[in-house]
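Look over the sequence and the 3D structure below. The report that follows goes through the parts of the fold in turn.

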Amino acid sequence: MRILVTGATGGLGSELLPLLKGHAVFALSRRPGPETPGVEWLTGDVNFQIPEIKDLDAVLHMAALTGLKRKAGFETVQTNLQGTRRMLAYARTHNAAFYHVSTLYVSGDHTGIYTEGDFDVGQGFRNSYEESKFQAEKAVRESGLDYTIFRPGILVGRHRDGYTKSFNGFYQPVHAIVACHEFAENKLKFPPRHKFEDAFGLPRLHLPIKIHGDPDSTLALVPTDYAASFIARVIAFKKPATYHIASSAPRNEVIVAAVRDALMFTGVEFSKTPSHGPLDSLYNRMVRDFTPYLANAPIFSDYPGYPCPPVDYDFIKRIVTFWRENNGRTWGPEADRRPATV
């Protein structure tokens with residue numbers, strides 16, 4: 001099969017391309033990606049330039065902007081909605097099948113169970129990302145093409161080793177914790193972590209932050225390597241449908257415990273009511289775009305034919321440890337010695 005792929009250089013695309021063995025893959029990108037067997041890189045952009053490909057069988061559309069800013073942004077709509085419409089028109093002129101990567105969060109602010117058969121259930125949207133992806137999926141459904149829709153959850157590092165190509169989405173609240181500690185050191189005169197531990201022989205630093213959210217709510221985290229293998233399997237078997245790429249979503253209480261242990265401190269916990277201490281206010285202001293996902297989460301039914309490996313305490317600790325060791329934002333003198341690998 002001859003497939004045009006957008007978003008090929010992103011985290012999901014990087015995992016997926018090597019799995020599309022046996023297909024002739026044309027990867028659309030603003031700049032060439034790494035050499036991959038069976039992949040031909042094409043210079044272009046879903047918003048401006050799509051090169052012509054003869055005898056095309058399918059389009060796999062993954063390109064999207066995933067920022068969660070509340071205010072609608074022209075660039076988000078331009079890429080997520082208008083870019084999808086352009087790719088649909090391109091597929092239509094080639095009589096090609098259309099594989100569309102959407103998101104579980106077309107569910108918007110819906111609560112309760114949201115199934116693969118659900119789409120418009122009267123939900124509202126919390127940011128331009130959700131709304132633009134909903135409108136893009138609607139355009140796919142109304143296109144008249146032979147389509148398949150994939151709805152992954154919040155993509156995080158690989159299950160086997162925690163590796164991720166970028167530290168967006170889920171990693172931003174983790175990053176904010178370290179930023180709060182830096183604020184506490186610089187403004188509230190907390191001692192530097194390594195000096196504090198050396199002086200008192202303590203293995204953990206206490207960082208009192210109350211995150212505004214529900215400890216019993218869940219977060220739909222999905223390992224990127226699992227999502228990539230799921231998509232590759234469906235393409236191989238050519239079973240058009242709407243698929244949720246979901247996990248047994250961990251509770252927030254489990255997530256924060258894993259984060260605490262991976263970063264080696266105590267004190268951070270969830271609170272259903274807002275807290276107004278100096279660190280609480282700073283942290284919750286930094287993660288305000290992510291806060292809606294920390295309470296009243298829907299329950300996503302998933303495809304039973306290919307279950308996700310466990311997204312549990314051990315996995316979350318693994319991906320946060322990878323972040324700590326590769327993002328260059330850690331405490332102590334070892335931060336100066338550790339090179340970034342991502």
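## Helix H6 and what follows

Just after helix H6, Lys238 takes a positive phi of about 50 degrees. The model is predicted.

Helix H6 covers residues 224–237. At 1.5 Å a residue, its 14 residues should span 20 Å, and the end C-alpha atoms are 20 Å apart, which agrees. Is helix H6 buried or exposed for the most part? Eleven of its 14 residues are buried, so the helix is largely enclosed by the rest of the structure. Among them are Tyr226, Phe230, Ile231, Val234 and Ile235. The list of buried residues in H6 also includes Thr224, Asp225 and Ser229, as well as Ala227, Ala228 and Ala232.

Arg233 also lies in helix H6. In sequence, Arg233 and Tyr306 are 73 residues apart. In space, their C-alpha atoms are 9.2 Å apart.

## The protein as a whole

The protein has 342 residues, of which 51% count as buried. It contains ten helices and 15 strands. Among contacts between residues at least 6 apart in sequence, 75% join residues at least 24 apart.

## The seven-stranded sheet

Strands of a sheet pair through backbone hydrogen bonds, either parallel or antiparallel. In which order do the strands of the open sheet of seven strands lie? The order is S3-S2-S1-S4-S5-S7-S12, with parallel pairing. At the edges are strand S3 (39–43) and strand S12 (242–245), each of which pairs on one side only. On average, neighbouring strands of this sheet are turned by 20 degrees against each other, direction ignored.

| Strand pair | Sense | Bridges |
|---|---|---|
| S1 and S2 | parallel | five bridges |
| S5 and S7 | parallel | four bridges |
| S7 and S12 | parallel | four bridges |

Particular residues face each other across these pairs. Val5 stands opposite Ala27 in S2. His100 has Ile149 in S7 as its bridge partner. Phe150 stands opposite Tyr243 in S12.

Strand S2 covers residues 24–29, and five of its six residues are buried, so S2 is largely enclosed by the rest of the structure. Strand S7 covers residues 147–152. Five of the six residues of S7 are buried too, so this strand is also largely enclosed by the rest of the structure.

## Helices across the sheet

Which strands does helix H2 (residues 74–93) lie across? Helix H2 lies across strand S1 (2–6), strand S4 (58–61) and strand S5 (97–101). It runs at about 170 degrees to S4.

Helix H3 (residues 128–141) lies across S5, S7 and S12. Its direction is at about 160 degrees to S7. The 14 residues of H3 should span 20 Å at 1.5 Å a residue, and its end C-alpha atoms are 20 Å apart, which agrees. Ten of these 14 residues are buried, so H3 is largely enclosed by the rest of the structure. The buried residues of H3 include Tyr129, Phe134, Ala136, Ala139 and Val140. Ser128, Ser132, Glu130, Glu137 and Lys133 are buried in H3 as well. What do the buried residues of H3 pack against? They pack against H2, S5 and S7.

## Cysteines

A disulfide is a covalent bond between the sulfur atoms of two cysteines. How many disulfides are counted in this model? With a cut-off of 2.5 Å between cysteine sulfur atoms, the count comes to zero disulfides.

Cys180 has a relative accessible area of 0% and is buried. Cys308 has a relative accessible area of 16%, and it is buried because the value is under the cut-off of 20%.

How values were computed
Residues are numbered from 1 along each chain as its sequence is written. This is a predicted model: local features need pLDDT of at least 70, side-chain atom pairs count only at pLDDT 80 or more; totals for chains, interfaces and linings use all residues. Side-chain values use heavy atoms; hydrogens and water are left out. Buried means under 20% relative accessible area, exposed over 50%, partly exposed in between (1.4 Å probe, protein chains only). Two strands pair if DSSP finds at least two bridges between them. Helices (H or I, at least four residues) and strands (E, at least two) are DSSP runs, numbered from the N terminus. Axes are lines fitted to C-alpha atoms, for helices over the stretch in contact, and angles run from 0 to 180 degrees between N-to-C directions. Contact means heavy atoms within 4.5 Å. The expected span of a helix is 1.5 Å times one less than its number of residues.
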